[in-house]
Amino acid sequence: MRDARELLAVREVAHAFLLAEQPGDVQQFALDRVTPLLGAQFSLVMQLSSDGDLLRPVAQHEWPAPYRAWIGALRVRVGDGPSGIAVAERRLVEVEDLFAQPELETWHEVARELGFRSILAAPLETADGPIGAVAFYFADATQLSEEQRTLVRLVSDQLAAVTDKVRRVDALRRANAALADANAQLEGQAHEWSQRAWQRARQEQAMVQALQRLTDPTDTRDAADRLRAVRTLTDHAARLLALPGPSTPVRTDEVDPRTPMRDALDRWRARAPMLSMHLVEPTVLLPTMVTDAALLTDALELTLGLAACGACTADGDVRASIRVERGWMALSVEWRGQVVLEPVPSTENGQLTWSGTDHANRAPSSQLPPDPLRILQVRPEALEWVAGSPYAAVKQAVATIDLPLVRAMVQRLGGDLRLDAEAGLDAQSQEIRLVFPITA
C-alpha cells in the first residue's frame with residue numbers, strides 16, 4: 001500500500017512539474033503530498049540567497065501556527081544546522097534524535113519551541129550547484145526507511161528541476177526581449193539558446209511522461225516493480241543534471257577504446273545474462289583516444305541498455321564493434337529484435353547539439369564521416385514490460401531520457417551520435433554509433 005501511495009504522490013508531483021509556471025506552485029504541492037506520507041509534523045523549502053551564504057523559506061507545510069507570522073524572517077546560514085549542512089555538503093542529512101547530538105546543541109531551544117525532535121534535510125541541486133534545501137521535521141525520534149529516503153531524493157530532484165526550469169525560461173525570455181533590439185550578429189546567439197532550450201524541454205518532457213506512465217493508477221503491474229523503474233529514471237535524470245557543463249573541463253586520459261566497451265558490456269552481461277551480447281574487436285592495432293574514460297563508459301553503458309531493451313526477444317542479440325577510418329573512430333552498438341528508435345515528428349524540428357567550449361578531441365565536421373540528418377527518439381512502447389516477464393528487469397533499467405543523455409555525453413566528449421533506424425532488411429535491426437575524431 002505504501003508503494004502505491006508513493007507512486008501516486010510521484011505521479012501528482014510529476015504532473016504539477018509539467019504544468020508549473022512558478023516554482024512555488026510545485027514546492028507547495030510537493031510538500032502537501034509528501035509530508036503526510038513521511039509522517040512528518042511539518043516541512044519547509046528554503047532557497048539559497050544570491051551570495052550563497054543564507055537560506056530563506058519559500059514554502060511550508062503545517063509550520064507551527066504561533067510562529068507562522070515570523071517565518072518570513074527566518075534565515076539559516078549554509079553549513080549551520082541540518083539544512084545548512086545538506087546544502088554545504090550536498091548530501092542527505094538525517095538527524096534521528098536532535099537532543100542526542102551535542103554538536104547540535106544550539107538547535108535544541110529552537111526544537112523545543114517548535115516541537116520537533118527529528119529532521120531529514122535534502123539539498124536542491126542543479127547542474128550549476130545547490131539552490132536550496134527541503135527539510136522535514138518529526139515530533140518524535142524517527143528512523144526512516146530507505147524507500148522514504150528515496151522518495152525524498154526524488155522529490156528534491158523534481159523541486160530543483162522545476163526551479164531551474166523556471167529560471168532558465170525567465171532568463172530566455174529576458175534574453176529574447178533584449179535580443180529584439182540587438183543587431184544581426186546577436187541573432188545567431190539567440191538561435192543557439194533557442195536550440196538548447198528545445199533540447200532541454202524535450203529531455204524534461206520525456207522524463208515527466210515516463211514518470212506519468214509508470215505511476216498511472218490503471219497500470220496493473222506490481223507497484224514495487226514500477227517504483228524501482230521510477231528510481232532508475234530518477235538516477236538517469238540525475239546523470240543528466242550532473243553532466244559537466246561547458247565551463248567544466250572533462251578529463252583527457254589516453255584510453256584504449258576496447259577498455260570502456262568491455263567494461264560497459266560486462267555491466268550489462270551481469271545485469272541481463274539471458275541476452276546474447278558480444279564484442280567484435282578489430283584485428284588491427286587501435287589508436288588511443290584522448291577522452292574521459294568514465295564518461296565514455298557511462299555513455300556506452302546507456303547505449304548498450306537501449307540495445308538490450310531492443311534485443312528482449314527469443315532470438316534477439318546485441319553486437320558491439322569498433323571501426324577505425326582515416327581521422328575518425330566509431331564505437332557501434334547494433335541489436336536485432338525489437339524496434340526501439342523512431343523518428344521525431346516532423347513538427348518538432350531542430351538540431352540537437354551541445355553548445356560549449358571545444359574539447360581536445362573536437363574536430364571540424366569535415367573530418368567525420370557524412371551523416372544524413374536523422375533525429376530519433378525512444379519509443380515509449382519499447383520500454384513496456386509485463387509482470388513475470390524474464391526481460392522486465394532489463395526494461396526497468398532503461399528510460400526514454402537515455403538517448404538524449406547519451407547524445408549530450410558524446411558531444412561533451414567531442415564526438416557525434418549517429419543513429420540508424422533501419423540497419424537491417426526487416427527493419428528489426430537498429431544501430432547507434434558513437435563517432436569520435438582521432439589522430440592516427
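Visitor: What should I know about the ground rules?

Guide: It's a predicted model, so local features need pLDDT of at least 70 and side-chain atom pairs count only at pLDDT 80 or more, while totals for chains, interfaces and linings use all residues. Residues are numbered from 1 along each chain as its sequence is written, and side-chain values use heavy atoms, with hydrogens and water left out.

Visitor: How many helices and strands does the protein chain have, and what makes a run count as one?

Guide: There are 11 helices and 15 strands.

Visitor: Why is threonine 313 called buried?

Guide: Buried means under 20% relative accessible area, exposed means over 50%, and partly exposed is in between, using a 1.4 Å probe and protein chains only. Threonine 313 has 18%, so it counts as buried. You'll find threonine 313 in the loop between H9 and strand E10 (317–325). Leaving aside neighbours within four places in sequence, threonine 313 is in contact (heavy atoms within 4.5 Å) with Arg336, Gly337, Gln338 and Tyr391.

Visitor: What makes H8 and H9 oblique to each other?

Guide: Their axes are 8 Å apart and the angle is about 45 degrees. Axes are lines fitted to C-alpha atoms, for helices over the stretch in contact, and angles run from 0 to 180 degrees between N-to-C directions. Under 35 degrees is roughly parallel, over 145 roughly antiparallel, 65 to 115 roughly perpendicular, and the rest oblique. So H8 and H9 come out oblique. Among the residues making the contact are Asp263 and Trp268 of H8, with Leu300 and Leu304 of H9.

Visitor: How do you know that H7 and H11 are roughly parallel?

Guide: Helix H7 (residues 223–242) and helix H11 (residues 402–412) cross at roughly 25 degrees, their axes coming within 10 Å. That angle makes H7 roughly parallel to H11. His236, Arg239 and Leu240 in H7 meet Asp402, Leu405, Ala408 and Met409 in H11.

Visitor: What makes H11 mostly covered?

Guide: In H11, 11 of its 11 residues are buried, including Asp402, Arg407 and Arg412. After H11 comes glycine 414, with a positive phi near 95 degrees.

Visitor: What makes something a nonpolar core?

Guide: It's a set of buried Ala, Val, Leu, Ile, Met, Phe, Trp, Tyr and Cys residues joined through side-chain atoms within 4.5 Å. The largest one here has 66 residues, and those with the most contacts inside it are Trp268, Leu331, Leu341, Ile432 and Leu434. Helix H9 (residues 293–310) gives the largest share of this core, 10 residues. Another core, of 24 residues, lies apart from it, with Ala30 and Phe136 among its members.

Notes. Helix = DSSP H or I, 4+ residues; strand = E, 2+ residues; numbered from the N terminus.
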